[in-house]
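Subject: A structure for you to look through

Hi,

Here is the structure I promised to pass on.

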Amino acid sequence: MSLSIRNQISGTVLSVTPGEVMATVKVRLDGGQQITAAITLEAVKELGIEEGSTVRTLIKSTEVALATGAVDGLSIRNRIPGTVTDVTTGGAMAGVKVAVAGGELTAAITRDAAEDLGLAAGAEVTALVKSTEIALAAV
């Protein structure tokens, strides 16, 4: 199945913590980073997600925020360090490609934000993604 979601990075499930309706799934990405996805318990069961499962993380580019400095005091658990490889700007928006260990992420942010942050190839950034904005696909 082909998807329009640009950010797809494979990994291995480290743990599944079930709740009443949702579960948190910790995944070690192929590059070694650890992220957490919050998905429905029904999806966990239907996809057969369990410790040791191979999954593909799916993150819409509009759900990736970027930081150029220290990231403290945030509830966002998923913080992935990387290096900007390309910035493409249009009238209102910018597409920022970020090389991360084991893959690449694309962030769709406003042009003003990209300019205010001084984003350019070579800039060190941290990609921020809420756990509720990560989907998982069974592999």
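One definition before we start: two strands are said to pair if DSSP finds at least two bridges between them. Please also keep in mind that this is a predicted model.

Six bridges link β1 to β4, and the two strands run antiparallel. Within this pair, Gly11 sits opposite Val55 of β4. β1 also has an antiparallel pairing with β2, this time through seven bridges. Here Thr12 faces Arg28 of β2.

Met22 has Thr40 in β3 as its bridge partner. These two strands also form a hairpin, with four residues between them, and in it Gly32 takes a positive phi near 105°. Is β3 largely enclosed or left open? Five of its seven residues are buried, so the rest of the structure largely encloses β3.

**Gln33, between β2 and β3**

You will find it in the loop between β2 (22-29) and β3 (34-40). Is Gln33 buried or exposed? Its relative accessible area is 11%, and because buried means under 20%, Gln33 counts as buried. Its side chain reaches the backbone oxygen of Ala101 at 3.0 Å. Not counting residues up to four places away in sequence, Gln33 touches Val27, Arg28, Ile80, Val100 and Ala101.

Next, find Ser53 in the loop between α1 (41-47) and β4 (54-59). Ser53 is buried, at 15% relative accessibility. A polar atom of its side chain lies 2.8 Å from the backbone oxygen of Glu50. Setting aside residues up to four places away in sequence, Ser53 touches Gly11, Thr12, Val13 and Gly48. Ser53 and Ala37 are 16 residues apart along the chain, and 14 Å separates their C-alpha atoms.

For a contrast, turn to Ser4, in the segment before β1. Ser4 counts as exposed, with 66% relative accessibility. From Ser4 to Ser61 there are 57 residues in sequence, and their C-alpha atoms are 10.0 Å apart in space.

β8 has β7 (residues 93-100) as an antiparallel partner, over eight bridges. In that pair, Lys97 has Thr106 of β8 as its bridge partner.

**Asn78, in β6**

Strand β6 (residues 78-89) includes Asn78. Asn78 is buried, at 1% relative accessibility. A polar atom of its side chain lies 2.7 Å from the backbone nitrogen of Thr36, and the side chain also reaches the backbone oxygen of Val129 at 3.0 Å. Beyond its neighbours within four places in sequence, Asn78 is in contact with several residues, among them Ile35, Ala127, Leu128 and Ile134.

**The nonpolar core**

In soluble globular proteins, nonpolar side chains tend to be buried together. In this model, the largest nonpolar core has 33 residues, and Leu66 and Leu136 have the most contacts inside it. Leaving aside neighbours within four places in sequence, Leu136 is in contact with residues including Val25, Val27, Ala37, Ile39, Leu47 and Val55.

**What the record says**

Finally, an unreviewed UniProt entry carries the annotation "domain: Mop" for residues 2-68 and 73-138. Over residues 2-68, the chain is 10% helix and 54% strand, with its end C-alpha atoms 32 Å apart. The span 73-138 is 11% helix and 58% strand, and its end C-alpha atoms lie 33 Å apart.

Enjoy exploring, and write back with any questions!

Best wishes

Note on methods
Residues numbered from 1 in each chain as written. Predicted model: local features only at pLDDT ≥ 70, side-chain atom pairs only at ≥ 80, totals over all residues. Heavy atoms only, no water. UniProt positions renumbered as here; feature names shortened; annotations may be inferred. Buried < 20%, exposed > 50% of the residue type's maximum accessible area, 1.4 Å probe, protein only. Polar contact = N/O pair within 3.5 Å; in protein donor to acceptor, adjacent residues only side chain to side chain. Contact = heavy atoms within 4.5 Å. Core = buried A, V, L, I, M, F, W, Y, C linked by side-chain atoms within 4.5 Å.
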